[in-house]
Amino acid sequence: MARVFAQRLNGLPAPATIEMARRARALRAEGRDVILLALGEPDFPTPPAVVQAAHQAALDGQTRYPPVDGTPALKAAIARKFLRDNALEYAADEIMVSNGGKQVIFNAFMATLDPGDEVVVPAPYWVSYPLIARMFGATPVFVTCREEDGFRLRADALAAALTPRTRWVVLNFPNNPTGAVCQQDDLEAIAKVLRDYPDVWILSDEIYEHLVFDGVRAASIAAVAPDLKARTITLNGVSKAYAMTGWRVGFAGGPADLLAAMRGVQGNATSGVCSIAQAAAVAALDGPTDLVREMAAVYSRRRTLVVEALRAVPGLTCAMPEGAFYAYPGVAGCLGRTTAAGRVLETDSDFAIALLEEGLVATVPGSAFGFSPYLRLSCATSDDALREACARIAAFVAGLR
Ligand SMILES: Cc1ncc(COP(=O)(O)O)c(C=O)c1O
C-alpha cells in the first residue's frame, strides 16, 4: 500500500519539548540518572478536595455524555472565575470547555484559519501556536521579544508584524518559556496597535496567570481594552495553577459567534470533556485560593534558586522570570567551545543534547521556542533536584574547552 499522509502534516515536527523528554527517558531506561527539566508540568499532586469531587461525581452518576461546550456547573464556575480574577463578564454562550487549553487553540484556529492567513506569534513562544497554525495552512509570523525588554512584547514590534493577511495575534503572558508578564500599560500600548486592525482576532493565553512573583500582577487584554473583547479569546485552564495536567480541562471566554464555530469543531472531534474531570475543575475553580498561592510561592523560591545558581556560572546569563515556572538562561557565552567528550557546541540544540548526554540534565533548547541561543529549564521539580541539576550544569560548562 502507498502510505500517503495529508499535506497539512508536511514538515510538521514533533514538539521539541516532547522530543527532549523522549531522549531523556531513553537514557533513564539505560539506567542513567537523568534529571528531567524538559516538561512544563507541576510536580505537586492535584489538591485532595479536587480529587474527592471527581470521585463523588462518578459515584453520583455524572457518567453520561456532557454537553459539547461544558457542563452548566463548570461554565458557571468559569464565569465566576473570570469575574473574580479578571473583571471579565462572560455569558453562558461566551464560555466553552475544551480538552485542555491546547484544544481551545486548535478549535479557534481550525474555525478561522485558511491557507495563506498569518498568525502573529511573539517569540520566544510556546511550541504549539505555530505548529497548530501550520496544520491549517496558515503562516506563523514571529515578533521578537528582546531580553533587554524583559521578554515583553513591544507595541512597535507588533505593529511591524501586522499585515492585511493577519488573522490572529497571540499573547501569552505570563510567558512560556520566559516567564515575562505584560502589565496594564504594556497591554494598553498593544491594544492601541490592534485597534487599527479590526479584523484581527486576539488569543490571550493566560494559563499561567496565578503563577506570578514579587507582587507582579498579570493583566487581561479584554479587561484592559474592553472594546477588543468582542474579538478576543481569553484562554485559561486548570492544568498549571491547580496541578491538573492529566485531567485535561481548559476553557475559553470569547464572543458567542466564534465560540459557536469552535463548538462545531469540537463537536466533530472530541465532543464534551470528561464529565468527571469537569466536576473536579468546578472544585478547583471554586475552591480556596491559598493552595494556589502556596504553590506559586514554592515556584518563586525555586526560580530564585535556579536563576542565582545559573548566574554564578561563567558563560551563562539568566533573566529573573516574573511568572510561570521556567528559567530561560542564555548560552551564547558557551558557543564555539568543545565539551569534555569532544563535541563542538555550535547551537543551543548542540548545548542541550550534550548537556543531556554528558551532564545528564534534560532541558529544551531555545530554538524550540523560536529564540536562540537559550535553554528552557522547568523549575517544577524539587529544590534538591534543581540544586543538583544546576551543579551538573556548572560542571558541564566548567568542562568546556
Ligand atoms: C502557554 C501554554 N498554554 C497552554 C498550554 C496548554 O495546557 P493544557 O492543554 O494542559 O491546558 C500550555 C501547556 O504547556 C502552555 O504552556
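My notes follow, starting with the ground rules.

**Ground rules.** I am working with a predicted model, where local features need pLDDT of at least 70, side-chain atom pairs count only at pLDDT 80 or more, and totals for chains, interfaces and linings use all residues. Residues are numbered from 1 along each chain as its sequence is written, and side-chain values use heavy atoms, with hydrogens and water left out.

**Ligand site.** I looked up the ligand's surroundings first. I found 13 residues around the ligand, and G101, D205, S239, K240 and R248 come nearest; a residue counts as near if one of its heavy atoms lies within 4 Å. I sorted the shell into four nonpolar, five polar and four charged residues. For that sorting, Ala, Val, Leu, Ile, Met, Phe, Trp, Tyr, Cys and Pro count as nonpolar, Asp, Glu, Lys and Arg as charged, and the others, Gly among them, as polar.

Next I checked polar contacts, meaning pairs of N or O atoms within 3.5 Å. D205 places a polar side-chain atom 2.5 Å from a nitrogen atom of the ligand. On the oxygen side, a side-chain N or O atom of K240 is 2.7 Å from a ligand oxygen, and a polar side-chain atom of R248 is 2.8 Å from an oxygen atom of the ligand. How much of the ligand's accessible area does the protein cover? I noted 92% of the 400 Å² that the ligand has on its own, by the Shrake-Rupley method with a 1.4 Å probe.

**A three-stranded sheet.** I then turned to an open sheet with the order β9-β12-β11 and antiparallel pairing. β9 (326-327) and β11 (364-365) are at the edges with a single partner strand each, so one side of each has no neighbour in the sheet. Strands here are DSSP E runs of at least two residues, numbered from the N terminus, and two strands pair if DSSP finds at least two bridges between them. β9 and β12 (residues 375-378) run antiparallel and are joined by two bridges. I traced Y326 to its bridge partner in β12, which is S378.

Which peptide bond is cis, with omega near 5 degrees? I have it as A123 to P124, with P124 in the loop between β3 (118-123) and α5 (128-135). I also logged a cis bond from S372 to P373, omega near -5 degrees; P373 is in the loop between β11 and β12. Last, D214 has a positive phi of about 60 degrees although it is not a glycine, and D214 belongs to the loop between β6 (201-205) and α8 (221-224). Helices are DSSP H or I runs of at least four residues.

Key
Polar contact = N/O pair within 3.5 Å; in protein donor to acceptor, adjacent residues only side chain to side chain.
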